[in-house]
Structures are given as C-alpha cells and as structure tokens.
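Let's walk through this one together, a bit at a time. Keep the viewer open as you read.

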Amino acid sequence: MKDDPLVAVVRRMAAGDVSALDMLYRQLERPLFGFIHSKLNDPFAAADILHEVFLEVWRGAAGFQDRSRVRTWVYAIAWRKVVDEFRARGRVTVQDDMPDRPDEGPSAFDLLQTAEEREMLRDCLGGLKADHRAAIELTFLEDMSYREVAAVIGVPEGTVKTRVFHAKALLLRCLEAKMNRRARI
Amino acid sequence: MTSAQFDKARIAELIPFWVNGSLTDEEAEALAREFERDPALHAQVQAARQLRGLMRASALPERSPGDFGLARLRRAVAEKPRTPGSLRQSAAAAAIAAVVTAGGLSLTGWSGSNDQYRQAAGPQTAALFTVSVRDEVPQSAFADLLLANGLTIVDGPSVLGFYRLALVGGADDSDITAARAALERAGNLVELVESTE
C-alpha cells in the first residue's frame, strides 16, 4: 500500500517516534471511537478499548507489513478487541432472520426525516447481529471497500458483500415495519 | 442459479460499494454498464444512497476521549517502553498496568460510587473532585484550567460526562480548598464540582 500516507507514520512509530503516534491518534481517534462505541454503547468501555488499540498499534508498529492500509490494520485490531469484549460480557447475538432478496425501493426512507425516525434506524441497527452491523457501518460510515472490511473483520470478501446486502435488506424491512406500526397508531 | 440471476445478485451486492465510491475502476465501469442496461437498478442505488445518508445523519455524536485520551496514551507509552516481552503481552493487561502506574489507582469500574476505586499508591493520588464540564467548552480550555491549578484527571469522562480529578504530587487541606475554589470560580467551564471524599 505505497499510496497510503499513514504507512510512513507507522514506520516512524516503529523507530520510536512518539510524535508519529500522536499524529496517527489525531487522524483516527474520532472515527475509531465512534466505531467502537457504536458496538458497545458504553463510552467508558469504548474509551478503554480505544486506548488499548493505540497501545497495541504502538507496540506492533515494527511488525506492520504494508500489505493492507494502516486504517484497515488499526480497525482490525479494534474489531478483535470488541469481539473479545462481547465474549467477556457473554453477549448473545440475535440470530437475524435473513430475508430473500427483496425488491429494494426508497419507500421506507421517504418519510425518514425526523429525530424520531432516526431513532427508529438506531433501533433497527441495534437489532442486527454484531458482525452484520459492523459490515454495514464500516461500509457506510467509514466508506471502506469490501476488501478493507474483509480484512478488518477477518472474513472472506464474498461474506462481507453478502453481510452488507443482508444488513441493508434487514434495515429496510425493520424500518418499514416500524413506519407501518406508527402509521396505525 | 442461472448466470443471469447470479449477475443480478452480484450487482446488488456491489451497489453499497458503488455508493461509497470504493470499487475499483474496473468494477465501477462494469457496474455503470449494468445500470445503463437496466434502469430499474437505479432504485436500488437510490435506496442504498439514502440508507447511507440516513446512517451518517443518525450516528450519535459521541464525546471521544480526544486530548485526554492522547495524554493517557502518552503516559502509558512513557511508563512502559517497548520491549520484546511487552510485544507479547496482551494489550488488555498492558492497558490495565498503564492505568495503575499512571493514575496510582486500580480501576474496577465506574458507576458513580466512590468505593469502586482502590488506592494502589497512597492517598495522595485518590480522586478529590468529581466535575462536569459544560458542553460547549473545548478540551484545551479545560486542560488549561487543570494545568493552571495542578490538577490531573484520574478518570473520565464517565457515561454521564463526569471527570474525577486529583492534585498532582499530593495535597494538603489548603491545596484541596484552593483547588476547589479555583474550579468553582471557573463556572464558565465547569458546571458542577463535588468532593469525592
């Protein structure tokens, strides 16, 4: 990944340059914290994991091989720690009921304007399995390619594409159901 | 599954990555040709685009650790230089060690109760105050206030946005009183000040 400017930053970290760690932190801290927090819904635990991620990045800088982007590498560390946290908490993921491939139209979104409706989306996201949610959030919030997402969460690229597709379909279905329920009230 | 069905499924799977602009040039060109051939695909693109927009608009604004997180990281890095052994340590154990050495505390959690902290390095490093910072205050202004009064963050922000503060290098009663008074005078920055003892 010769076109990734962060590779040079990691090289400096590997040589012991703490200012490079500052630079990487300032570059990635906010989106990475958002990513971790969205999975745990606990800002305190998210801050601790963020700290652990950057420590691991610092300690592992010398071993970084630029076969992937730096961002992908850092997010992969974060994702592993989030999964460890899930396990430590004994979190049980909900088994999503995968729909057949539906006709997707914008109808569910036409009325999604208000804060209440955005809350509906958050509820629907909360109902996704963690790995589906991670896949779609990395795709739509971090704008990662399916190759990057696959590297972060450690699954084949085809699995990422399928998970994002299903997550999108599940969100659509969930939103439509909530909108319909609200319309009946 | 026929070839045509497979192609349709593959197109549907690639649409989110078309929308976020991460496909390779070759993939994007191939997909653009499919969109020209089948205008019905535009509805899927529109749906994915709207979902992406909605997710971005709905992402809760989180208060990230920011400069305080960086300060904590610097402390941990300074306290525990890299060694071959430390590379093999679990990051969790290293982080806990860093918190203990940097803050002098053994942190077991945070729910607002004082008894969740065990002092590990003497009473001088125990949290003295719990404060909340006004929403609009930049972290740099809060950091300046702490530096000017010899205060340091022992922990925080908590779920409710509280910070626990201690005096750097220990304190007697007059230091504590002065520090509290300074925090209370900074009402434009600090919303609430409570003693934790």
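**Where two helices meet**

Start at the place where α2(A) packs against helix α4 (residues 66-79) of chain B: the angle is about 150° and the axes are 11 Å apart. This is a predicted model, so treat every position here as a prediction. The crossing of α2(A) and α4(B) is right-handed. From α2(A), the residues that make the contact are V18(A), L21(A), D22(A), Y25(A) and E29(A). On the α4(B) side you'll find G69(B), L70(B), L73(B), R74(B) and V77(B). Sorted by class, the residues of this contact between α2(A) and α4(B) come out as six nonpolar, one polar and three charged.

Now zoom out to the whole interface. How many residues of each chain are in contact with the other? The count is 44 residues of chain A and 43 residues of chain B. On the chain A side, α2 (18-40), α3 (43-60), α5 (115-126), α6 (130-140) and α8 (157-184) each put in at least two residues. The largest share comes from α3(A), with 13 residues. By class, the side of chain A that touches chain B has 22 nonpolar, 14 charged and eight polar residues.

**Over to chain B**

Chain B has eight helices and six strands. Follow the sequence and the pattern reads α-α-α-α-α-α-β-β-β-α-β-β-α-β. Of the 197 residues in chain B, 27% are buried. Among contacts in chain B with a separation of 6 or more, 54% are between residues 24 or more positions apart.

The part to look for next is an open sheet of four strands in chain B, in the order β4-β5-β3-β6, with antiparallel pairing.

β5(B) pairs with β4(B) in the antiparallel sense over four bridges. Along that pairing, T152(B) stands opposite A166(B), while D155(B) has R164(B) as its bridge partner. β5(B) also pairs with β3(B), again antiparallel and over four bridges, and there F129(B) has L165(B) as its bridge partner.

Is β5(B) mostly covered or mostly exposed? It is mostly covered, with six of its six residues buried. In a regular strand, the side chains alternate between the two faces of the sheet. In β5(B), both faces are covered: F162(B), R164(B) and A166(B) are buried on one side, and Y163(B), L165(B) and L167(B) on the other.

Back in chain A, have a look at D143(A), in the loop between α6 and α7 (146-153) of chain A. D143(A) isn't a glycine, yet its phi is positive, at about 55°. D143(A) counts as partly exposed because it has 15 C-beta neighbours inside 10 Å, which falls between the cut-offs of 12 or fewer for exposed and 20 or more for buried.

The model scores ipTM 0.74 and pTM 0.59. Chain A has a mean pLDDT of 84, and 85% of its residues reach 70 or more. Among the elements of chain A, α7(A) has the highest mean pLDDT (94) and α5(A) the lowest (82). Residues 94-108 of chain A stay under 50, and the model has 27 contacts beyond four places in sequence for them.

For chain B the mean pLDDT is 72, with 69% of the residues at 70 or more. Among the elements of chain B, helix α2 (residues 25-37) has the highest mean pLDDT (91) and strand β1 (residues 105-107) the lowest (33). The pLDDT is below 50 over residues 84-124 of chain B, a stretch with 59 contacts in the model beyond near neighbours in sequence. Where pLDDT is low, the predicted coordinates should not be read in detail.

Key
Residues are numbered from 1 along each chain as its sequence is written. Chains are lettered from A and ligands numbered from 1 in the order in which they are written. This is a predicted model: local features need pLDDT of at least 70, side-chain atom pairs count only at pLDDT 80 or more; totals for chains, interfaces and linings use all residues. pLDDT is the predictor's confidence in each residue, from 0 to 100. Two residues are in contact if their C-beta atoms, placed from the backbone, lie within 7 Å. Ala, Val, Leu, Ile, Met, Phe, Trp, Tyr, Cys and Pro count as nonpolar, Asp, Glu, Lys and Arg as charged, and the others, Gly among them, as polar. Two strands pair if DSSP finds at least two bridges between them. Axes are lines fitted to C-alpha atoms, for helices over the stretch in contact, and angles run from 0 to 180 degrees between N-to-C directions. A crossing is left-handed if the near helix is turned anticlockwise from the far one by less than a right angle, and right-handed if clockwise.
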